[in-house]
Amino acid sequence: MPSYPPRDMSESERRRRAAARARRKRQVARNRLIFCAVCLVLIATVGFGVFKLVGVLTDGKENSGASGQSTSQTTSSSGSASTSSSEPASEPASEPASSGETVTPATDGDWRLTLVNNNVALPEDWQITTKVAEASTQKELADEAADAYMQMKQAAAVDGVELLLCSGYRTVEYQQNLFDQEKQKWLDQGMSEEEAYDKAKTVVAVPGYSEHNSGLAADIVTPDHQTLDSAFANTDAAKWLFEHAPEYGFILRYPEDKQAITGIIYEPWHYRYVGVENAKAITESGKCLEEYLDGLSA
Ligand SMILES: [Zn+2]
């Protein structure tokens with residue numbers, strides 16, 4: 001019956017079995033210890049992992065919160081930055097508005113050198129008085145430019161050339177009214193001032209970007225050739241103007257070789273009053289008005 005030790009089991013056998021039991025106990029205890037240690041390590045690892053995970057999640061939340069904050073900050077600080085996706089569209093649109101103030105080229109304080117082109121608007125505080133410079137067409141120019149034109153016309157007549165002012169000062173008022181009406185439509189729909197301006201600009205041309213708005217630009221032709229085309233350059237009137245206009249304070253504003261700079265095609269009829277001294281200096285320099293003003297500010 002091997003299920004229990006026989007009564008006559010020897011002392012040495014009992015000791016051996018006791019030792020074996022003790023060894024098993026120690027083994028179990030050691031195993032428990034190892035198990036606990038492994039458990040602790042596991043708990044620590046998992047705990048650390050969870051801690052890290054929570055940390056990442058929390059960071060993510062903070063980041064998104066922070067970016068949300070910064071977005072709202074830019075929104076509140078400047079309306080234009082509120083929709084970064086529409087920036088390319090709004091940027092060029094807002095350019096002319098700011099360039100009128102910031103990109104004021106050097107004019108040596110001479111109002112007659114004021115630049116007006118596709119990118120630079122007539123100054124908002126522009127104030128001139130005009131008068132009729134050509135009786136037959138009733139076209140007007142700024143007073144000083146009108147006087148200069150009339151002198152030039154007389155001088156040309158002495159040389160047997162007849163000049164005709166076919167376009168001079170053009171009011172921006174009518175265009176401004178149209179523009180304001182268009183802008184108001186978008187303001188009424190809840191757009192900001194800037195957004196409404198940009199929107200209106202896509203429909204109505206911005207007033208003030210034509211040199212004719214300044215009262216200093218004159219489209220000069222001759223009765224025999226009143227069409228505004230490049231063929232006008234071949235007329236006696238055009239040739240006379242090329243040679244003598246600067247003596248009366250007028251420059252050829254859009255020369256054939258300056259189209260890339262002026263952004264305007266060759267217009268042999270379009271003259272710009274800048275005053276005699278300026279006209280002579282600019283003509284001698286071979287520069288167009290943009291280049292000349294750049295030189296002054298450099
Ligand atoms: Zn013109």
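Residue numbers start at 1 along each chain as its sequence is written. Because the model is predicted, local features need pLDDT of at least 70 and side-chain atom pairs pLDDT 80 or more, while totals for chains, interfaces and linings use all residues, and side-chain values rest on heavy atoms, with hydrogens and water left out.

**Overall make-up**

The protein has 9 helices and 6 strands, taken as DSSP runs numbered from the N terminus (helices H or I, at least four residues; strands E, at least two). Of its 298 residues, 33% are buried, meaning under 20% relative accessible area with a 1.4 Å probe, protein chains only (exposed is over 50%, partly exposed in between). Look at contacts with a separation of 6 or more, and 65% of them come from residues 24 or more positions apart; a contact is heavy atoms within 4.5 Å.

**The zinc site**

What coordinates the zinc ion? His212 (NE2), Asp219 (OD), Asp219 (OD) and His270 (ND1) do, at 2.0 to 2.7 Å. Donors here are N, O and S atoms within 2.8 Å of the metal (3.2 Å for Na, K and Ca), and since water is not among the atoms, sites may look incomplete. The 4 donor atoms subtend angles of 52 to 152°, so the arrangement is irregular. For reference, four donors are tetrahedral if all angles lie between 85 and 135 degrees; four are square planar and six octahedral if opposite donors are over 155 degrees apart and all others between 65 and 115; anything else is irregular.

Along the chain, the donors follow the spacing H-x6-D-x50-H. His212 sits in the loop between H5 and strand E4 (217-221) and His270 in strand E6, 58 residues apart. Both histidines, His212 and His270, are buried.

**Aromatic contacts**

A search of the whole structure turns up 4 aromatic pairs. Rings of Phe, Tyr and Trp (its six-membered ring) pair if their centres lie within 6.5 Å; planes under 30 degrees apart are stacked, over 60 edge-to-face, the rest tilted. Here are two of the pairs.

| Pair | Centre to centre | Plane angle | Type |
|---|---|---|---|
| Phe179 and Tyr197 | 5.4 Å | 65° | edge-to-face |
| Phe250 and Tyr273 | 5.3 Å | 65° | edge-to-face |

Phe179 lies in helix H4 (residues 173-188) and Tyr197 in helix H5 (residues 193-201), so this pair ties together parts 18 residues apart in sequence. Phe179 and Tyr197 are buried. Phe250 belongs to strand E5 (residues 250-252) and Tyr273 to strand E6 (residues 270-273), so that pair ties together parts 23 residues apart in sequence. Phe250 and Tyr273 are buried too.
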